[in-house]
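Here is a walk through one chain, written for someone who likes to keep a viewer open while reading. Please have the sequence and the model side by side.

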Amino acid sequence: MLNTANFERLLGRSVAIIGLVFGLQTAFTTLGQGVQITGWFGVVYVSLVFGTMFAAILCCFFLWHHRIASGVFAAVFFVALLIWPAVNAQASADINQEPWIWYLCTIAVAFACIPLQLRGPSCTSS
């Protein structure tokens, strides 16, 4: 029977596996494009985005504080997406390539759903 605990376990591990695939793809894309953000801020920016993402992947797969880690990654990604135009203002734009941060939008939305509580009459823990 699929109860709330089993559903959260299934959701966490599914998001972790899919996040790992998309995260690795984005990491290689980022390295291939070359990080456009120069200086120490670029290192901190990319490290925070990928560091919190991979930490959330590990936490979701092993179900260890997965709600906190997922929420932290979703918040870090949201802030990173908001400051993306200001951070990349001096970078030369390549019309043929999408920004690497766009590839993480799907994962960030999936991780943002994990901290939410399931509610309703059909969501009983038995």
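## Ground rules and layout

This is a predicted model, so to speak of local features a pLDDT of at least 70 is needed, and side-chain atom pairs count only at pLDDT 80 or more, while totals for chains, interfaces and linings use all residues. Residues are numbered from 1 along each chain as its sequence is written, and side-chain values use heavy atoms, with hydrogens and water left out.

The chain has 4 helices and 0 strands; helices (H or I, at least four residues) and strands (E, at least two) are DSSP runs, numbered from the N terminus. Read from the N terminus, the order of elements is α-α-α-α. Of the 126 residues, 33% count as buried. Buried means under 20% relative accessible area, exposed means over 50%, and partly exposed is in between (1.4 Å probe, protein chains only). Among contacts between residues at least 6 apart in sequence, 81% join residues at least 24 apart, where contact means heavy atoms within 4.5 Å.

## How α2 meets α3

Start with helix α2 (residues 39–62) and helix α3 (residues 66–87), which pack at an angle of about 155° with their axes 9 Å apart. That angle makes α2 roughly antiparallel to α3. Angles under 35 degrees count as roughly parallel, over 145 as roughly antiparallel, 65 to 115 as roughly perpendicular and the rest as oblique. The axes are lines fitted to C-alpha atoms, for helices over the stretch in contact, and angles run from 0 to 180 degrees between N-to-C directions.

The crossing of α2 and α3 is left-handed. A crossing has that hand if the near helix is turned anticlockwise from the far one by less than a right angle, and is right-handed if clockwise.

Which residues of α2 and α3 meet? From α2 they include Phe 41, Tyr 45, Leu 48 and Met 53, and from α3 they include Phe 73, Val 76, Trp 84 and Val 87. The residues of this contact divide into 18 nonpolar, 3 polar and no charged. Here Ala, Val, Leu, Ile, Met, Phe, Trp, Tyr, Cys and Pro count as nonpolar, Asp, Glu, Lys and Arg as charged, and the others, Gly among them, as polar.

Val 87, in helix α3, counts as buried at 16% relative accessibility. The C-alpha atoms of Val 87 and Phe 41 are separated by 8.7 Å, although the two residues are 46 apart along the chain.

## The loop between α2 and α3

Both Leu 63 and His 65 lie in the loop between α2 and α3. Phi of Leu 63 is near 55°, a positive value in a residue other than glycine. Phi of His 65 is also positive in a non-glycine residue, near 50°.

## How α3 meets α4

Helix α4 (residues 105–113) and α3 have axes that come within 8 Å and cross at roughly 140°. The two helices are therefore oblique to each other. Here too the crossing is left-handed. Ser 70, Phe 73, Ala 74 and Phe 77 of α3 make the contact with Cys 105, Ile 107, Ala 108, Phe 111 and Ala 112 of α4. These residues divide into 8 nonpolar, 1 polar and no charged.

## A salt bridge

How many salt bridges does a search of the whole structure find? The search finds 1, a salt bridge being a side-chain nitrogen of Lys or Arg within 4 Å of a carboxyl oxygen of Asp or Glu. The side chains of Arg 67 and Glu 8 form it, at 2.3 Å from N to O. This pair links distant parts of the chain, with Arg 67 in helix α3 and Glu 8 in helix α1 (residues 4–33), 59 residues apart.

## Accessibility at a glance

The table collects some residues to look up in the viewer.

| Residue | Relative accessibility | Class |
|---|---|---|
| Glu 8 | 21% | partly exposed |
| Val 21 | 53% | exposed |
| Leu 63 | 27% | partly exposed |
| His 65 | 47% | partly exposed |
| Arg 67 | 24% | partly exposed |
| Leu 116 | 56% | exposed |

Val 21 lies in helix α1, and its C-alpha is 9.9 Å from that of Ile 107, 86 residues away in sequence. Leu 116 sits in the segment after α4. The C-alpha atoms of Leu 116 and Arg 67, 49 residues apart along the chain, are separated by 8.0 Å.
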